[in-house]
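Biologist: I have a new model open and would like to go through it with you. Can we start with a pair of strands?

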Amino acid sequence: MTTHAITADLPRRLAARKPRIAVIGDAILDVWLEGDAGRLCREAPAPVVSVHTRHAAAGGAANTAVNLAALGAETTLVGAVGPDQAGAELRDLLDAAGVDTHHLVVGPQTVVKHRVLAADHLMVRYDEGEVGEHDATTCQAIAESAAHAVADADAVVLCDYGLGVCGSVLARFLDKHRDAFPLLVVDAHEPARWAAIRPDLVTPNAAEAEGLLGEPLPAEDRVRAVIELGERLRAAAGAKAVVVTLDREGSVLVDDGPGHRTWAEPAPESQAAGAGDTFCAALTVAAAAGLPLSTAAELAQTAADIVVHRPGTSVCTTEDLAARLGAHQGAAVAAAELADLVRAHRAQGRRVVFTNGCFDVLHRGHIAYLNQARRLGDVLVVAVNGDASVRRLKGDGRPVNPAADRAEVLAALSCVDHVTVFDEDSPAGLIRSLRPDCYVKGGDYTESMLDEAAVVRECGGDVRIVDYVPDQSTSAVIDRIVSQAGR
């Protein structure tokens, strides 16, 4: 895939590729029981919930598989379900979602997680069917099923929640055949167990990342800690890249780059069930298509944001993603409206960060610097040079993309809060209007090169130059496209 812009057509283009993805892991049946609680029981000071609604959904590795299928992947699930009613129900859910269930083997009992809610409050969760590693016969059957399922797969996702499927026999199989997997993603409660098979990508949550590090992340700034400890995390996981999901704080990608953070749309913890599975599925689909991991993480964050605002264990589809990203069309905010928004942010004690540029062909250098800019405050405002301004600054033939498109692509990044378009060659007028707390430019500039720096300081703000990503520029990207087109 040659273009990486996060626009409404990207999910559809990913789905059209129909990547073949094998999911191996612990399949779970999630059951949600909803009712009313208006009294306490006589036996103990516990609420009595009168259940009026039951909803069942695929959970665990099964939820990851269902989300992959909903995003257009040809998905096969390898796991074990019991010869029981819960197992039959889970198979039916998977079949209805278009997941290939021919490689599921029969285990002793299906794992079921029951959640009881009253007035949208989670009252209790009780689980059935949790076991240790399966018996030798079942383990061998799982490994044999995996051998068939991963043949010609574009990606393999291992979902290990410690429920018996991902045992030593499977580990030996994966280690033996590791080099045959184009992309191996591990989503595990104990990621270090799988370091020997050298995953391409590991997706721990905060607690799992702490397990890798052997120490807690500092509560005051978990994002910075993950970035600073990125090499340790990768080494402990044996992985090329690690994406740590931090719930309301978004996620952090650490690979051989500067580190990339996504920003989440916060939702109640009671609605977060299965969001990690959705995140992993979207991340895998994008990575299997060859998208940069920073772009894949942004897409995964959008998918997770969609499901956490729905009740129960939910699924994000291609059209869900396209609709959410399509909402950024016409994303540019007029200067007067932006000034009102910034005043409102400042009244709530938020630190406003401002940057500007042409952003003609968005590339890794842009994303890295915008990500760093957002970490310097609470709100990031990006001002985009209008088309006439770009022509004056860059010459004939530019911009490649019109201002409306450039604004839409920027608005889809989770680090960007507001986008505006300005037609002047300098953002000085906008800076006087907005009075940002911090003005940021990329490391290919120095403060002495920025005439507007004096205006920032007059308005009480500070100027920051963030890291420069070498060998990344719009001109270089355009030159590569032109040279390849001429072959």
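Biologist: Which residue in strand 7 does valine 112 stand opposite?

Modeller: Valine 112 stands opposite glutamate 128. This is a predicted model, so local features need pLDDT of at least 70, side-chain atom pairs count only at pLDDT 80 or more, and totals for chains, interfaces and linings use all residues. Residues are numbered from 1 along each chain as its sequence is written, and side-chain values use heavy atoms, with hydrogens and water left out.

Biologist: In which sense do strand 6 and strand 7 pair, and over how many bridges?

Modeller: Antiparallel, over seven bridges, with strand 6 at residues 111-118 and strand 7 at residues 121-128. Two strands pair if DSSP finds at least two bridges between them. Strands (E, at least two residues) and helices (H or I, at least four) are DSSP runs, numbered from the N terminus.

Biologist: What sits between strand 6 and strand 7?

Modeller: Two residues, which makes the pair a hairpin. Alanine 119 in the turn has a positive phi of about 50°.

Biologist: New topic. Where is histidine 363?

Modeller: Histidine 363 is in the loop between strand 14 (352-357) and helix 13.

Biologist: Is histidine 363 buried or exposed?

Modeller: Histidine 363 has a relative accessible area of 9%, and buried means under 20% (exposed is over 50%, partly exposed in between; 1.4 Å probe, protein chains only). A polar atom of its side chain lies 3.0 Å from the backbone nitrogen of glycine 365.

Biologist: Why is helix 13 described as largely enclosed?

Modeller: Because 10 of the 11 residues of helix 13 (residues 364-374) are buried. Among them are Gly365, His366, Tyr369 and Leu370.

Biologist: Which residues touch the most other members of the largest nonpolar core?

Modeller: Leu77, Leu94 and Leu370, in a core of 87 residues. A nonpolar core is a set of buried Ala, Val, Leu, Ile, Met, Phe, Trp, Tyr and Cys residues joined through side-chain atoms within 4.5 Å. A second, separate core of 43 residues includes Ile142, Phe173, Leu217 and Leu233.

Biologist: And what is leucine 94 in contact with?

Modeller: Leaving aside neighbours within four places in sequence, leucine 94 is in contact (heavy atoms within 4.5 Å) with Ala58, Ala62, Val66, Leu77, Val99, Thr101 and Leu104.

Biologist: Last one, the whole chain. How many helices and strands are there?

Modeller: The chain has 18 helices and 18 strands. Of its 487 residues, 55% count as buried. The C-alpha atoms fill a box of roughly 70 × 65 × 40 Å, taken along the principal axes.

Notes
Polar contact = N/O pair within 3.5 Å; in protein donor to acceptor, adjacent residues only side chain to side chain.
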